[in-house]
Amino acid sequence: MKDNRVVGLDAKRIVRNGTGLGSYGRTLVNDLAAIDGLTLRLYAPDAGRDDLRGQVKESDRLCFCYPRGWQPLGKSYWRTRGMVSQLRRDGVQVYHGLSGELPVGLGKAGIRSVVTIHDLIFMRHPEWYNAADVKIYTSKLHHAVAEADSIVAISECTRRDICELTDADPGKVTVVYQSCAPRFTLDDIPDDDTMRLIWHVGDRYGIPDRYILSVGSIEERKNMMLAVKALHLLPQDIALVVVGRYTPYADSLWRYAEENGLSERLVMLHDVPDDHLPPIYRRAEAFVYPSRYEGFGIPIIEAISMGLPVVACTGSCLEEAGGPHSIYVDPDDERAMAAAVASVLCGAEGREQRIEQSRQYIQRFANNDAARHIADIYLTLTNMQP
């Protein structure tokens with residue numbers, strides 16, 4: 001880039017969310033920081049969690065920004081309206097909302113805007129959400145779509161939903177696939193420190209020797225009951241390890257496991273530190289993602305990056321994430337889920353070829369590609385030439 005451009009980004013979830021939207025933001029801004037010509041200002045209502053904020057490498061071209069002075073109407077008001085005056089004082093030329101929302105008044109302030117929309121599940125399936133939340137999410141979405149100069153969808157599935165369920169101009173909507181964090185990289189020959197961490201993490205959480213893994217919030221939409229029921233049809237020494245945020249849905253999984261003699265084969269882990277996730281992936285035999293609906297499914301990319309075969313479900317966009325060499329089953333067919341998992345366990349015919357072909361497929365989501373596409377959008381909005 002010939003000149004420098006000042007870009008503001010919504011950092012609330014970067015400093016607060018351990019997975020999902022937080023991971024998306026942290027990975028993106030770290031990759032954007034490697035592109036010359038951008039100064040990044042990350043706007044958050046507070047400093048959030050030290051461990052998450054520390055994953056972003058601050059420099060003379062990347063810094064966090066917080067509310068200045070007393071905020072009489074609170075942090076929420078600052079994010080939706082009060083932030084704009086601070087953006088102007090900081091010389092921000094483009095503001096990027098990383099989670100489907102934008103502050104009010106950007107256009108009037110002369111600040112161009114980009115919004116990333118991850119999914120419209122709350123509109124497709126409002127039955128999975130609190131009614132009040134659906135109204136709030138929908139209102140924020142419609143404002144963002146109307147305000148934004150450019151809209152980023154994280155998958156073709158999400159792009160179709162945006163064009164169908166909102167008044168967005170299709171010409172403004174660009175698909176930019178997510179990338180996964182660099183820590184999800186398979187070392188063909190792990191060093192001694194890596195091996196010690198792998199076994200330490202397994203021992204710490206009481207993880208069995210053989211298991212299939214799933215990562216994501218443990219909620220109804222994620223449909224984890226399908227994987228639990230499939231355990232009946234899998235070898236007795238295979239367990240299911242689920243890593244994710246607790247919701248009351250997790251209790252129903254425990255009840256089913258206890259009532260059906262599966263409690264010794266189900267492990268659910270909450271609040272797992274980020275640096276423990278790669279070792280948990282590394283020890284697994286396969287990855288299952290039985291979700292009924294997703295915007296993309298970044299855990300699938302993480303799993304493939306860590307050398308795992310993937311079994312997921314049909315019905316949304318998971319085929320986009322996992323590619324043609326992963327296996328997809330009906331979200332209500334436990335027998336199909338069990339058969340698919342059995343076909344990719346260690347020793348299964350074609351397992352290694354499937355893993356290698358999937359790893360080749362996900363190269364299209366390589367980290368800096370996503371950042372470069374986003375940087376090009378910033379350039380276009382500021383009428384710059386590379």
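Let's start with a question: what volume does the second largest pocket have? It comes to about 250 Å³. The lining of that pocket has 15 residues, and those closest to its centre are Cys 180, Phe 184, Ser 305, Ile 362 and Gln 363. If you sort the lining of this pocket by type, you get nine nonpolar residues, five polar and one charged.

Before I go on, please keep in mind that this is a predicted model.

Okay, stepping back to the whole chain. There are 16 helices and 13 strands in it. The C-alpha trace spans about 60 × 45 × 40 Å along its principal axes. For 386 residues, a compact globule would have a radius of gyration near 21 Å, and the chain has 21 Å, so the two agree. Of the 386 residues, 55% are buried. And if you take the contacts with a separation of 6 or more, 69% of them are between residues 24 or more positions apart.

Now the cavities. How many are there of 30 Å³ or more? The count is five. The largest cavity holds about 80 Å³ of space. Eleven residues line the largest cavity, and nearest its centre you'll find Tyr 24, Leu 28, Gln 178, Ser 179 and Ala 370. By type, the lining of the largest cavity splits into six nonpolar, four polar and one charged residue.

So which helix gives the most to that lining? That's helix 2, with four residues. Helix 2 covers 21-32, and along with helix 16, at 367-381, it's listed as supplying at least two residues of the lining of the largest cavity.

Last stop, helix 15, which runs over residues 351-361. Which of its residues are buried? Those are Arg 351, Ile 355, Ser 358 and Tyr 361. Look down the axis of helix 15 and its buried residues fall within an arc of 120°, so they line one face of the helix. Turn to the face away from that buried side and you get the exposed residues Glu 352 and Gln 360.

And what covers the buried residues of helix 15? The cover includes helix 12, at 298-305, and helix 13, at 318-322.

Key. Residues are numbered from 1 along each chain as its sequence is written. This is a predicted model: local features need pLDDT of at least 70, side-chain atom pairs count only at pLDDT 80 or more; totals for chains, interfaces and linings use all residues. Side-chain values use heavy atoms; hydrogens and water are left out. On a 1 Å grid over the protein atoms alone, a cavity is a set of points where a 1.4 Å probe fits but cannot get out, and a pocket is an open set with protein on both sides within 12 Å along at least five of seven lines; lining residues have an atom within 4 Å of a point. Grid points are joined across faces, edges and corners, and a volume is the space filled by probe spheres set on the points. Ala, Val, Leu, Ile, Met, Phe, Trp, Tyr, Cys and Pro count as nonpolar, Asp, Glu, Lys and Arg as charged, and the others, Gly among them, as polar. Buried means under 20% relative accessible area, exposed over 50%, partly exposed in between (1.4 Å probe, protein chains only). The arc is that of the directions from the helix axis to the C-beta atoms. Contact means heavy atoms within 4.5 Å. The radius of gyration is taken over C-alpha atoms; the globule rule is 2.2 Å times the number of residues to the power 0.38.
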